[in-house]
Amino acid sequence: MSGKGYVYKNEPLIFELSAPGRRAYSLPALDVPASDLAEVLPEDQLRREPAALPEVSEVDVVRHFTRLSQRNHGVDLGFYPLGSCTMKYNPKVNEVVANLDGFTGVHPLTPEELVQGALQLMYEMQGYLAEIGGVDEVSLQPAAGAHGEFTGVSIIRAYLEDRGEGHRHKIIIPDSAHGTNPATAVVAGCRTVEVKSDERGGVDLESLKAVVDEDVVCLMLTNPNTLGLFDENIHEIAEIVHEAGGLLYYDGANLNATMGYARPGDAGFDVVHFNLHKTFATPHGGGGPGSGPVGVKKELADFLPVPVVRKTGDRYFLDYSVPKTIGRVKSFHGNFGVVVKAYAYIRSMGPDGLKRVSEDAVLNANFLMRKLARDYHLTYDRICKHEFVVSGVRQKERYGVKTLDIAKRLLDYDFHAPTVYFPLIVPEALMVEPTETESRETLEAFAEAMAAIAREAAEDPDKVTGAPHTTFVKRLDEARAVRQPDVAFKGDLEEK
Ligand SMILES: *Cc1c(COP(=O)(O)O)cnc(C)c1O
């Protein structure tokens, strides 16, 4: 809702353009007998007054919707450095592939022998993700990252139960974790225990040792974590948790820092989820469907949700005979269209291309971090991975300009704001993820805008605290906008 787009001076509202009889379509003359709706529809469902719709021409409709589409900032319009969310540009060719009739027209109940191509794609996708994550088997069913987490933790609990360790109820989560991790733990019927970060931003080993015991289900970890920092102690962390009989869960929502270089499975993780709608060609956010496949090491493969796609000879089939399956976690076979896009992306990039993604994501983030560190406080001053966190504490303490103000002011400079006030352990946090798809020029322009805002904070703080000045709508009541979204354009919008 924060987009700037183009505000036209004499912007006509579509209702004002309405003139009786004006049409945006023409239909051929009726060549069958007309029927009277009053005869076929029940009385109480008949409309008494005509709908209050504008009568407009095609060009009016096209301009109306084109204008509306540009009022929202989107990744197709500009830079969108939303940390943790990976709002990167994704090649449109993946959308074209996912839109092929053979994929969009296929019904999930079609007999297997008629959908061998779709099953082959799913089978190969399971294999690619297993290879990328360093795990043995993958389920494509979960519909999002949080759903993948729930599926993964359910698998771990079923596995522990099977070994006679169903009493375990403690899930350890670092204080830098994404909010979905503790939420998952609680929904899966567990108790969360927080572990502190050390001064380098990694898991504090002594705190970890202090909370690990025979009640531990697993440690949920993101590496690189939400500070964008890679935890070099990962092998030692894995050892500490495994020694206590717990497992390691990898939150792999953002893999675009490590693909081709490091695999969670090799680092000791037992279960991994992937966000196809972040790393693999579907943007996060925007309300569209997601996909959060979950991968496991072979000791846990008997617990995967059913069905899993398998192959005998040349034939692909849906295998429901997973012996100790946790059951289904999603109707049919997950969000297939998102899987197709990710498949097209992985195939077109190839192993070297995915490696290059990691290199560029890390290079871009470090380049930008160094530039922003001139004006903003950098809590953890070390090489980052795909994202980094700076803080607006300086601007707040000296000039009363808060991180939220800086974020709003960025909109006037045509940039989407970074993620703000997260992770929670950094006060006035600005979490920036430039992604691999941005050019040096874009990164420099963003850095210049951030530098300009830092200057404004010092010289003219009201300009920043009163931002945004140029957007179509100003500061929204964000909590209310989420709870009571008003998405219908009724022509009564006033400049706010
Ligand atoms: C986005 C994200 C998630 C959750 O993914 P959703 O698809 O939004 O449920 C979990 N962990 C991390 C680190 C993330 O960035």
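Colleague: Which residues of α6 meet α12?
Modeller: From α6 they are A118, L121, M122, E124, M125, Y128, L129 and I132. Across from them in α12 are F336, V339, V340, A342, Y343, I346, R347 and L354. Bear in mind that this is a predicted model.

Colleague: How does that contact split by class?
Modeller: The contact of α6 with α12 has 14 nonpolar residues and two charged ones. It has no polar residues.

Colleague: And at what angle do the axes of α6 and α12 cross?
Modeller: They cross at roughly 50°. The axes come within 10 Å. Helix α6 covers residues 116-133, and helix α12 covers residues 336-372.

Colleague: What do I call that arrangement?
Modeller: Oblique. Angles from 65 to 115 degrees would be roughly perpendicular, and those under 35 roughly parallel. The angle of α6 and α12 is roughly 50°, so the two helices are oblique to each other.

Colleague: Is the crossing of α6 and α12 left-handed or right-handed?
Modeller: Left-handed.

Colleague: New topic. What order do the strands take in the open sheet?
Modeller: The order is β10-β11-β13-β12. That is four strands, and the pairing is antiparallel.

Colleague: Which strands stand at the edges?
Modeller: β10 (377-378) and β12 (419-420). Each has a single partner strand, so one side of each is left without a neighbour in the sheet.

Colleague: How many bridges join β12 and β13?
Modeller: Two, in the antiparallel sense. Strand β13 is residues 429-432. As for facing residues, V420 stands opposite L430 in β13.

Colleague: Which helix packs on the sheet?
Modeller: α12 again. α12 touches β10, β11 (388-391) and β13. The direction of α12 makes about 10° with that of β11.

Colleague: Back to helix pairs. At what angle do α14 and α15 pack?
Modeller: About 125°, with their axes 10 Å apart. Helix α14 is residues 403-412, and helix α15 is residues 440-459. That angle makes α14 oblique to α15. The crossing is right-handed.

Colleague: Which residues meet there?
Modeller: I406, R409 and L410 come from α14. From α15 come F446, A449, M450, I453 and E456. The contact has six nonpolar residues, two charged ones and no polar ones.

Colleague: What about α7 and α8, how far apart are their axes?
Modeller: 9 Å, and the angle is about 45°. So α7 is oblique to α8. α7 passes α8 in a right-handed crossing.

Colleague: What classes of residue make up that contact?
Modeller: The contact of α7 with α8 has four nonpolar, three polar and one charged. The α7 residues are A146, E149, F150 and V153. They meet T180, N181, T184 and V187 in α8.

Colleague: Switching to the backbone. Which peptide bond is cis, with omega near 5°?
Modeller: The one from N223 to P224. P224 is in the loop between β4 (216-221) and α10 (234-243). The bond from V306 to P307 is cis too, with omega near -5°. P307 lies in the loop between β7 (294-296) and β8 (308-312).

Colleague: And what is phi of T86?
Modeller: Near 50°. That is a positive value in a residue other than glycine. T86 sits in the loop between α3 (58-69) and α4 (93-98).

Colleague: Last one. How is the chain divided into domains?
Modeller: Domain 1 is 6-69, domain 2 is 92-349 and domain 3 is 351-483. The C-alpha centres of domain 1 and domain 3 lie 43 Å apart.

Definitions and conventions
Residues numbered from 1 in each chain as written. Predicted model: local features only at pLDDT ≥ 70, side-chain atom pairs only at ≥ 80, totals over all residues. Heavy atoms only, no water. Axes fitted to C-alpha atoms, helices over the stretch in contact; angles between N-to-C directions. Parallel < 35°, antiparallel > 145°, perpendicular 65-115°, else oblique. Left-handed = near helix turned anticlockwise from the far one by under 90°. Contact = heavy atoms within 4.5 Å. Nonpolar A, V, L, I, M, F, W, Y, C, P; charged D, E, K, R; others polar. Pairing = 2+ DSSP bridges. Domains from an automatic or database assignment.
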